[in-house]
Amino acid sequence: MTARLHVLLGQGGVGKTTLASGYALALARGGRRVGLLGVDPAGRLRDALGMADIAELPVEVPGAPGVRAALLRPGDSLRRWAREELGQDERTAKLLHNPFFLALADRLAAATDAFAAVRLAEWAESDPALDDLVVDTAPGLHGLEFLGKPERLLSVLHGRLLRWLSAAATAGTAEREARRVLRGLSRIAGGGVLVELAEFSLLMERIGAAMIGRLERARSWLRDESTELLLVYVARPGAAAGARLLAEELHALGFARGPVVLNRALPRSLLTLPLDGGTAESRAFRRYVHASVRLQEETARELGTSFRVVEAPVASGLDAEGPAHLAALEALGASLRLALAGSGAS
Amino acid sequence: MHGFETLHKRQTEEPESVTKIPRVLFVLGKGGTGRSSVAAALGSCFAARGENTLIVEWTFSEAIAPWFGQPPAGHEARELRPRLSVMNFSLDSTLREYFVGHLKLRLLHDVVIANHHVQRLIHAAPGIAELLFCGRIFWLTALAREEIGVDYQRIVVDAPATGHGAPLFAIPQTLAAFDAAGLLALERERVTRMFADPEWTGAVVVTLAEELAVDETLELVPRVHRDLGRPPLALLINRSVDRSFSGEVDPHWLEELAASSGRAERSALRTLYRELVLRKERERQLRRAGGALADLGAVPLEDRLLAANVTSPLEVVQPMARELDFILGDVA
């Protein structure tokens, strides 16, 4: 894979989606071909980009030449893969109506993280000219799951479970234990569930094989030297502890320590604003500014000195609509790019 | 003015159809809106009213116990204050307690559940962890007193962020698609019963008056209404500026402040002010909103930064608990 991967991680509400969008726009401004993948199941990327909808497959972002955006939609991806791998026949139809498949495909976010890595690799495969892929992850440690344990879901899709299930149906001493387990399972969940599960595993085997290949490529891409993992935080009570915990988890997963991005950074010099005088409203505002900067100082102190902190300044103009909004996003992304380059992180 | 106003009205005007604050309150909302702060504040508030209260988190990164100066609780309830405890749900411990403690089926646990293929299946199968999470709350409210002598009068659930948390109430329907029997079906029936009872289960939604959070809230509220069969009890607008900020657009003093500052400071001051104005505006829209939000009481929770320096989470939680106590009045 030749494209460079940028992954934004962080607790909920720190501005990952906004920063990821801005970063993608700023990268594309330099003439690069950029992909932007929203992994967050809440799908806020379309709001950030002012788009009516973003599909599972990449679409051009209107007003931002060079940027293509897509949302992770495990259900749509699964259905597409089923058609690609199995063709449009009875087996595909059967799979698409299997309750395990339906539950997997439609309802639950549990699958999202595992699919993200597979989609990354698929994107790079289908667009060899891609220069950068920016990924906006789910909040908190959910965002890390796809970095660390993408095989969690795939272990079920994998043929091993199927072989184990069918072993239980054949005679032989080695299979006795499997049969005991299955009898126990049918007591817990009922026999119907087991039949559905076996059917699901059988049909999913080929899709699973394709996914596993992509997953392995994605895993090495994530660990490539060029990959940039950006841990984003904002100044708020308890933020330092949250950021440190995410950093520790990243470290435990074997990723190199990258820069930490302080989003919505305020100039410290605002503390020189006098608190007295003026109207009540003006005093309340200055007090708010002081309290915000003090909170930022305290958060930095709690974070400690072992992190390379890069600042993305509090951005103006994001509340505008249309082209002005995209321009403000891009300006934010450009400051982040500059700050990362300045810190020697990029 | 009061957010639980609709409840209050129903209670005073129609005594025969009294709606109480349900025993189990799910706190839902987008990440970063302050769900954990609200859960901790609600918990503190119920505990201060003399109710034995448990806050249930389900997270990799436990927040609440450390805020109270305690080590992370893990799966065992840890007391934070008199009558206030917190626990962090663990799927493995719950399975063990369910089979060994509740059903007295140690062999079934050791042979079936502990089997590594089954373990993988449980952790990956969609909906199972969520069902057992809700099943655990059923057990805590319906069976724990009899089985282990622990009785919580109130449970506050700090639900996972919207993306992962919203489907919780849809779990019974999701699992209805499976041809399930046995214990899985029993557990599903229990959770369905708990969700169906308005005196047992309710939800509050936390939001910020910010664009992305409001958009997410507008999707979350009807979803909760549909899945639970009734609307959330209230919409809590966190970091409200409504009371202490008039929201005048570009006042002359702001221009004076900006004129005497450097370029970066000027930009930051204008942005911070503009954000407050927008928050005020969105808050008004939220309170007046029709459609999905029409049935909801909107409860503003004041932004502490407008009143004081705030550096630790407890400095947010304690005043919030006092606000909520006032808002709840004598409803609960």
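**Figure 1. Contacts by sequence separation in chain A of this predicted model.** In chain A, 75% of the contacts with a separation of 6 or more join residues 24 or more positions apart, where two residues are in contact if their C-beta atoms, placed from the backbone, lie within 7 Å. Chain A holds 14 helices and eight strands, defined as DSSP runs numbered from the N terminus (helices H or I, at least four residues; strands E, at least two). Of its 346 residues, 50% are buried, a residue being buried if 20 or more other C-beta atoms, likewise placed from the backbone, lie within 10 Å of its own. This is a predicted model, in which local features need pLDDT of at least 70 and side-chain atom pairs count only at pLDDT 80 or more, while totals for chains, interfaces and linings use all residues. Residues are numbered from 1 along each chain as its sequence is written, and chains are lettered from A and ligands numbered from 1 in the order in which they are written.

**Figure 2. Helix α1 of chain A and its packing on α14(A).** Helix α1(A), residues 16-29, is mostly covered, with 13 of its 14 residues buried, and A:Gly31, which follows the helix, has a positive phi near 90°. The axes of α1(A) and α14(A) (residues 322-342) come within 7 Å and cross at roughly 85°, the axes being lines fitted to C-alpha atoms over the stretch in contact and the angles running from 0 to 180 degrees between N-to-C directions. The two helices are therefore roughly perpendicular to each other, a term for angles of 65 to 115 degrees. Among the residues that meet are A:Leu19, A:Tyr23 and A:Arg29 in α1(A), and A:Leu329, A:Glu330 and A:Arg337 in α14(A).

**Figure 3. The open sheet of chain B.** Eight strands, with mixed pairing, form an open sheet in the order β3-β4-β2-β5-β1-β6-β7-β8, two strands being paired if DSSP finds at least two bridges between them. The edge strands are β3 (78-81) and β8 (297-302) of chain B, each of which pairs on one side only. Within the sheet, β6(B) (residues 201-208) and β7(B) (residues 234-240) pair in the parallel sense over five bridges, and B:Val205 stands opposite B:Leu235 in β7(B).

**Figure 4. The side of chain B that touches chain A.** Here 69 residues of chain B are in contact with 68 residues of chain A. Helix α14(B) gives the most to this side of chain B, with 11 residues.

How values were computed: A residue is buried if 20 or more other C-beta atoms lie within 10 Å of its own, exposed if 12 or fewer, and partly exposed in between; C-beta atoms are placed from the backbone. Angles under 35 degrees count as roughly parallel, over 145 as roughly antiparallel, 65 to 115 as roughly perpendicular and the rest as oblique.
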